[in-house]
Amino acid sequence: SGGCGPQWDVLVRDRARSQPRVSGFLSDTRADRRLAFCPCSGFVAWRLHCLVATTSGAETILLCVMAQVEGPACDAVVSTSSPSSPLEGPWDTCPGAQGLTAAPHQIAGHLFSHGKVGSLVCDSGFFYKPLQAGPREERERGLYEAVKASAEADSDEEEATTTSSFLLRDLSGFVPAFYGVLEMGGITYMKLEDVCKRYDRPCLIDVKIGYQTWCPRETEEHISRRIVKDRQTTTKTLGFKVCGMQVYDPQADTYWRATKSWCKALDAASVQRALARFCDHPSQNVGSSDICLGLVSRLQDLERWSEAQRLYHFYSASVLVVYEGSASAPEDLNLNLKLIDFAHAHPAITRDDNFVSGLASLRATVQGVVGEG
């Protein structure tokens, strides 16, 4: 299309090739517009989602994400460079925000490729997650703010000596660092730590925890919907379900990423094979047991915290696990686990049996992977 806004180079990387190829240029300045084009011979029917924000009087495309509808398997890469001037206004909290782009390693949740407003990252190592309006925003934002306040409280303050404060402070080690909220393009985002920033080739898995993903205090309509969805996955039978997964393939220098339908089709037997695939590191010097045992240890730490706390019931929360796909030795894995997604984290005064039992089930399943290895 002709120069109505900033242009973005569109690159297509074939799985059989290591170098991307420039296939065309697109520009647009209208929010939520979907465009279709044929980037190159053999690649057809792509859907493009553009998110637009206005900053300092200049309209700037923040994001272009493509999802393949049909055609051969390939990766789409969209450059983050734009001829516009450095962003100001709401972007001054993120130095170098001109590098803002779609979170390249987001594997679950609201994704631009599914026609929804997804998460963003910037060059400075921050992750911007859009908040859902209403009570869900209040719960997620409130939990992060409570954890942040407890972690920053002075140790000799009376507030910092309560059991709940100690538990919240311990929880800070399991959740991404929180840096507040900001408005971008009419959307409220949480500014979080980009957990993948320190990794060269991050391998990730997102696992939703619990035998039920709904709070009894929700509406009857919401509960009915969630019950149906829970029964369609391993949530009801195993107490957890895989929502997304990405593993690195060094031979092609690309990633294998699970689709939503692939994750939904997993059953009790195939989910263990999926976990085994995640723990199968591409390096011959790193065994699957190195990853499994590290993951089991982190799950046990989170279990101990969950068994002690009476602050929240975590419905529909996930654990996000990441390790270095380019590691050449076990000590380079840098395996990490973060607890995420708190839109349905409700205040509580009792033990969160649903969450604790789901964690225990996941840990036992991972231990089974080690046993089979």
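User: Leaving aside its neighbours within four places in sequence, which residues is Ser150 in contact with?

Analyst: Happy to start there: Ser150 is in contact with Ser165, Leu168 and Arg169, where contact means heavy atoms within 4.5 Å. This is a predicted model, in which local features need pLDDT of at least 70 and side-chain atom pairs count only at pLDDT 80 or more, while totals for chains, interfaces and linings use all residues. Residues are numbered from 1 along each chain as its sequence is written, and side-chain values use heavy atoms, with hydrogens and water left out.

User: Why is Ser150 called buried?

Analyst: Buried means under 20% relative accessible area, exposed over 50%, and partly exposed in between (1.4 Å probe, protein chains only). Ser150 has a relative accessible area of 7%, so Ser150 counts as buried. Ser150 lies in helix 1, whose other buried residues include Leu143, Tyr144 and Val147.

User: What covers the buried residues of helix 1?

Analyst: The cover includes helix 2 (163-171) and several strands, among them strand 9 (126-130), strand 10 (178-184) and strand 11 (187-193). Helices (H or I, at least four residues) and strands (E, at least two) are DSSP runs, numbered from the N terminus.

User: What makes strand 14 and strand 17 stand at the edges of their sheet?

Analyst: Five strands form an open sheet in the order 14-13-12-16-17, with antiparallel pairing. Strand 14 (254-257) and strand 17 (336-340) each have a single partner strand, so one side of each is left without a neighbour in the sheet. Neighbouring strands here are turned by 15 degrees against each other on average, direction ignored.

User: Why do strand 12 and strand 16 count as a pair, and over how many bridges?

Analyst: Two strands pair if DSSP finds at least two bridges between them. Strand 12 (residues 202-209) and strand 16 (residues 318-324) have seven bridges, in the antiparallel sense. Cys203 stands opposite Tyr323 in strand 16.

User: Which strands does helix 7 touch as it packs on the sheet?

Analyst: Helix 7 (residues 288-308) touches strand 16 and strand 17, and its direction makes about 40 degrees with that of strand 17. Axes are lines fitted to C-alpha atoms, for helices over the stretch in contact, and angles run from 0 to 180 degrees between N-to-C directions.
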